[in-house]
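Me: I am new to this structure. Please pick one part, look at it closely, and then lead me on to the rest.

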Amino acid sequence: MDYFSYRNGQLHAEDVALAAIAEAVGTPFYVYSAATLERHFRVFSDAFAGQPITLCFATKTNGNKAVLALLAGLGAGADVVSQGEMEHALAAGVPAGRIVFSGVAKTKAEMAAALEAGIFQINVESEPELEALSEVAQALGKTAPVALRINPDVAAATHDKIATGRKENKFGIDWTVAPAIFAKAAGLPGIAVKGVAVHIGSQILDLDPFRRAFERLRELVLALRADGIALERVDLGGGLGIPYHRDDPASPPPAEYAALARRIFGDLGVHLVAEPGRLIAGNAGMLVSRVVYRKQGETRTFLILDAGFNDLIRPAMYDAFHDILPVTAAAENAVLTPVDVVGPICESGDIFARQRPLPPIAAGDLVAFATAGAYGASMSSTYNGRPLVPEVMVSGDRFAVVRRRPSVAEMTALESVPPWLAKQA
Ligand SMILES: *Cc1c(COP(=O)(O)O)cnc(C)c1O
């Protein structure tokens with residue numbers, strides 16, 4: 001469910017025509033619908049109504065300050081994976097008391113920053129990390145509120161690059177050794193053991209892997225309680241998938257996901273944490289691009305866009321499908337012909353879609369990639385000397401540029417030529 005639709009033959013975000021934004025900011029650009037973000041967050045939080053829970057939006061999905069501020073205003077916290085994300089979330093108005101710090105390689109400097117900021121929870125993923133955190137906390141005269149991230153060794157049907165919950169993945173502490181590490185954590189001076197965490201991967205469209213992971217967590221909580229380690233929090237992670245293709249299964253309804261969590265953890269009296277990312281932001285955003293050329297190859301027709309894989313890497317990185325919509329609706333009787341939709345990057349892998357049946361689209365026309373609000377702008381780069389594209393937020397009939405396009409001078413401002421080369425020049 002989103003707030004992008006055709007009105008009078010023009011694709012709109014809420015009440016704003018995408019063509020009008022293109023006119024104002026140039027292409028390519030990302031556009032986010034505030035109403036869609038709000039709707040998804042509310043559906044998720046309503047599903048957990050009455051349950052003590054901290055909902056931490058996974059910042060790496062879409063870290064735009066306006067997106068974080070909007071969600072923070074609705075009561076969201078943030079799941080962050082670096083000091084940069086943490087500081088950005090704090091600056092966007094996310095209270096420290098609703099921030100969870102995840103990630104496999106937190107440095108001591110990052111740990112110190114998290115402790116100074118007084119965040120809600122640090123999710124620890126290994127024994128050496130636990131020891132380092134205890135040392136840092138002790139040196140600061142603080143106690144770190146910790147959850148141990150467990151690797152439950154469950155396989156989820158998703159792309160290999162975004163599966164994280166199998167024992168051969170780098171994430172988390174093997175569930176088989178978890179009790180020993182918890183016992184160790186309980187004895188470390190700088191550590192306050194608060195809970196257990198899990199995150200089994202992303203774009204998961206079936207509740208069963210969540211069930212298996214949650215059941216393992218429950219067993220662990222009960223076993224630890226029997227050993228005298230009383231956990232008060234369970235962090236469910238993120239990972240709920242969304243449909244990208246019309247033939248994809250629908251997302252598992254958040255209400256069913258919440259019911260599953262309640263069924264498994266309801267009688268334990270724990271405070272839950274959830275870290276949804278894609279589910280909140282995925283279909284709240286589109287990437288809008290202009291066709292530069294329509295090129296007839298010997299065997300294929302190419303639609304060459306002004307957006308490339310540096311702007312939206314999901315197709316190249318994860319073989320992901322994004323619906324490609326003409327911004328001006330095709331005629332009802334338009335004939336679809338297969339085209340390769342490609343970008344301008346000097347790499348053969350800069351392909352958004354192969355042999356995609358599309359209505360007639362000519363040079364100069366605008367197209368929109370649907371479902372690009374998650375892992376879109378946040379994964380973009382300046383490869384090929386291309387400035388990061390603007391991000392725009394729409395709310396009703398208003399729109400605002402929430403990240404402007406930098407100039408080339410701004411892009412290169414951090415570079416310098418060493419004096420010994422400058423002399424030669
Ligand atoms: C990426 C990530 C998330 C968010 O995953 P989604 O699939 O976008 O919901 C949540 N928690 C952790 C620890 C993550 O790494």
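Where is C346 found, and is C346 buried or exposed?

Reply: First, some ground rules. This is a predicted model, where local features need pLDDT of at least 70, side-chain atom pairs count only at pLDDT 80 or more, and totals for chains, interfaces and linings use all residues. Residues are numbered from 1 along each chain as its sequence is written, and side-chain values use heavy atoms, leaving out hydrogens and water.

Now to C346. UniProt, in an unreviewed entry, lists C346 under "active site". UniProt positions are given in the numbering used here, feature names are shortened, and annotations may be inferred rather than shown by experiment. C346 is found in the loop between β17 (337-342) and β18 (351-358). Helices (H or I, at least four residues) and strands (E, at least two) are DSSP runs, numbered from the N terminus. C346 has a relative accessible area of 68%, so C346 is exposed.

Q355 lies in strand β18. Its relative accessible area is 32%, so Q355 is partly exposed. Its backbone deserves a look too. Phi of Q355 is near 50°, a positive value in a residue other than glycine. Most residues other than glycine have a negative phi, and most peptide bonds are trans.

Next comes P360. P360 sits in the loop between β18 and β19 (366-369). P360 counts as exposed because its relative accessibility is 61%. Setting aside residues up to four places away in sequence, P360 touches A334 and V335. Contact here means heavy atoms within 4.5 Å. A226 is another matter. P360 and A226 are 134 residues apart along the chain, and their C-alpha atoms are separated by 67 Å.

Then T371. T371 is in the loop between β19 and β20 (391-395). With a relative accessible area of 9%, T371 is buried. Phi of T371 is near 55°, and this is a positive value in a residue other than glycine.

Now step back to the whole chain. The chain is divided into domain 1 (4-31 + 282-412) and domain 2 (34-280). These bounds come from an automatic or database domain assignment. The C-alpha centres of the two domains lie 32 Å apart. Their contact takes 23 residues from domain 1 and 24 residues from domain 2.

The peptide bond from T27 to P28 is cis, with omega near -10°. P28 lies in the loop between α1 (18-25) and β4 (29-33).

T59 counts as buried because its relative accessibility is 2%. Leaving aside neighbours within four places in sequence, T59 is in contact with L68, A78, D79, V80 and E85.

L70 lies in helix α3 itself. L70 has a relative accessible area of 18%, so L70 is buried. Beyond neighbours within four places in sequence, L70 is in contact with A34, L37, E38 and M393. L70 and G93 are 23 residues apart in sequence, and 9.3 Å apart in space from C-alpha to C-alpha.

Two helices form a pair. The axes of α6 (residues 127-140) and α7 (residues 178-187) come within 11 Å and cross at roughly 10°. Axes are lines fitted to C-alpha atoms, for helices over the stretch in contact, and angles run from 0 to 180 degrees between N-to-C directions. The two helices α6 and α7 are therefore roughly parallel to each other. That wording has cut-offs: under 35 degrees is roughly parallel, over 145 roughly antiparallel, 65 to 115 roughly perpendicular, and the rest oblique. On the α6 side, the contact is made by E127, L130 and E131, and on the α7 side by I181, K184 and A185.

One last stop is E256, in helix α9 (residues 254-265). E256 has a relative accessible area of 46%, so E256 is partly exposed. E256 and V43 are 213 residues apart in sequence, and 11 Å apart in space, C-alpha to C-alpha.

Technical notes. Buried < 20%, exposed > 50% of the residue type's maximum accessible area, 1.4 Å probe, protein only.
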